[in-house]
Amino acid sequence: MKILRVTAKNFRNCKDGYTIDFVAKASKSDEDKLYELQEIAPNLYTFNTIAFVGKNASGKSSAIDLLYSCYTILDSFHLWDQEYFDDNEEIEIFFYHDGNIYKYKTVLKRELNRNTANFENEHIYIKKYYKTKADKIFDDDFEEMTGFNDLPKDTSLTYHIFKNSWDSGVYYQCDDLNRFNYSFSFDLMERYNISKEIFNYILTLLDKNVKELEKSESGNYKLIYKDSERTFSPVELYHFLSSGTTKGIGLYMAMAVSLCKGIDLMIDEIENHFNKTLVENMISLYKDPSINKHHATLIFSTHYNELLDLFGRQDNIWITKSDRQVYLENMYEKYDLRPALKKSKQFYNNAFDTSVNYDDLMNLKKALKRGISK
């Protein structure tokens with residue numbers, strides 16, 4: 001299964017028609033097809049990497065949260081314990097699965113006194129995919145699927161497509177896991193059968209002094225650091241290892257799962273507490289056809305505009321904007337940029353109107369001067 005396009009209405013503070021595409025819009029060179037795109041079906045290309053960039057409070061997190069809601073609906077057929085969906089939110093998801101294009105539409109209703117969504121006014125449409133019609137996959141020539149058995153209100157009709165829950169997307173939240181990154185990492189290793197070899201190389205990459213880390217049945221951890229072996233509780237280990245190492249363990253394990261199993265990985269503010277070189281390395285792994293063999297997509301928001309210079313294309317970059325409501329602009333569709341120009345330089349030249357407001361900055365500067373002089 002691969003998501004192709006998502007559209008939302010009444011989602012948070014986003015403008016109606018808020019849309020995110022996964023399908024390549026611009027022309028596709030042979031180099032793009034090798035390093036930037038993935039052919040999920042004959043002549044149907046989606047992105048290896050998707051980025052959301054913009055200034056503070058412009059809606060980068062909203063884009064990631066919307067996508068996570070959609071993956072959750074398709075993977076587990078429920079929306080539980082997710083505080084960011086709104087009552088009467090309308091979602092439309094196009095996705096490719098098993099030779100067909102599907103269009104799924106629903107209205108989410110918040111269950112009273114429960115942080116659970118009920119699915120109302122659901123419809124699923126289907127059409128066979130043909131490579132000769134790759135540029136018309138969103139055209140309205142679908143047939144509605146009917147005759148489904150009744151399901152509980154909090155269970156999506158997508159259950160009838162997939163039958164069993166699975167994972168096509170995983171969301172790594174850098175700020176929320178903290179000391180739970182260790183159990184999160186070991187759970188990933190066990191659930192997805194990731195080798196201890198990969199885990200050990202991740203540890204070495206993040207901190208060359210860490211020789212081994214194991215979890216005991218008691219919930220504590222045995223750490224071999226340099227040549228010394230010690231046992232830590234999760235809290236003690238969290239305070240012993242660096243913040244970057246702690247978060248990096250969880251992030252890189254999520255990346256390992258994504259690449260090994262073909263699961264899309266979503267990260268909000270990918271640079272948070274991480275060395276820029278490590279982030280660049282992660283992006284390069286998703287663009288490496290010898291590594292990303294199972295069509296995983298890295299989806300992230302960032303303030304590191306320099307990361308965009310690693311992108312050979314423009315149609316997989318979304319600029320988040322906000323006036324009274326949040327909205328998106330696709331770099332390829334909205335801006336006429338010369339490919340030879342660095343994308344980061346365009347950001348620093350404020351070509352996308354994403355810089356901090358100059359008047360606001362000057363007002364703060366003047367207020368600071370007044371405060372300091374008192």
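1. A quick definition before we start: two strands count as paired if DSSP finds at least two bridges between them. Keep in mind that this is a predicted model. With that settled, look at E214, which stands opposite K222 in β12. The strands involved, β11 and β12 (residues 221-225), run antiparallel and share five bridges.

2. Zooming out, these strands belong to an open sheet of three, ordered β11-β12-β13 with antiparallel pairing. At the edges sit β11 (210-215) and β13 (228-232), each pairing on one side only. From one strand to the next, the twist averages 15 degrees.

3. Now for the charged side chains: there are 15 salt bridges in the structure. One of them joins D264 and K2, at 2.7 Å from N to O. That pair spans 262 residues, with D264 in strand β14 (residues 264-267) and K2 in strand β1 (residues 2-9). Both D264 and K2 are buried.

4. Next, have a look at R12 and D65, whose side chains form a salt bridge of 2.3 Å, N to O. R12 is in the loop between β1 and β2 (18-21) while D65 is in helix α2 (residues 60-76), so this pair ties together parts 53 residues apart in sequence. R12 is partly exposed at 37% relative accessibility, whereas D65 is buried at 7%.

5. Then there's D140 with K103, their closest N and O atoms 3.4 Å apart in a salt bridge. D140 sits in the loop between β8 (117-128) and β9 (143-144), and K103 in strand β7 (residues 100-110), 37 residues away. D140 counts as exposed because its relative accessibility is 68%; K103, at 10%, counts as buried.

Technical notes. Residues numbered from 1 in each chain as written. Predicted model: local features only at pLDDT ≥ 70, side-chain atom pairs only at ≥ 80, totals over all residues. Heavy atoms only, no water. Helix = DSSP H or I, 4+ residues; strand = E, 2+ residues; numbered from the N terminus. Axes fitted to C-alpha atoms, helices over the stretch in contact; angles between N-to-C directions. Salt bridge = Lys/Arg side-chain N within 4 Å of Asp/Glu carboxyl O. Buried < 20%, exposed > 50% of the residue type's maximum accessible area, 1.4 Å probe, protein only.
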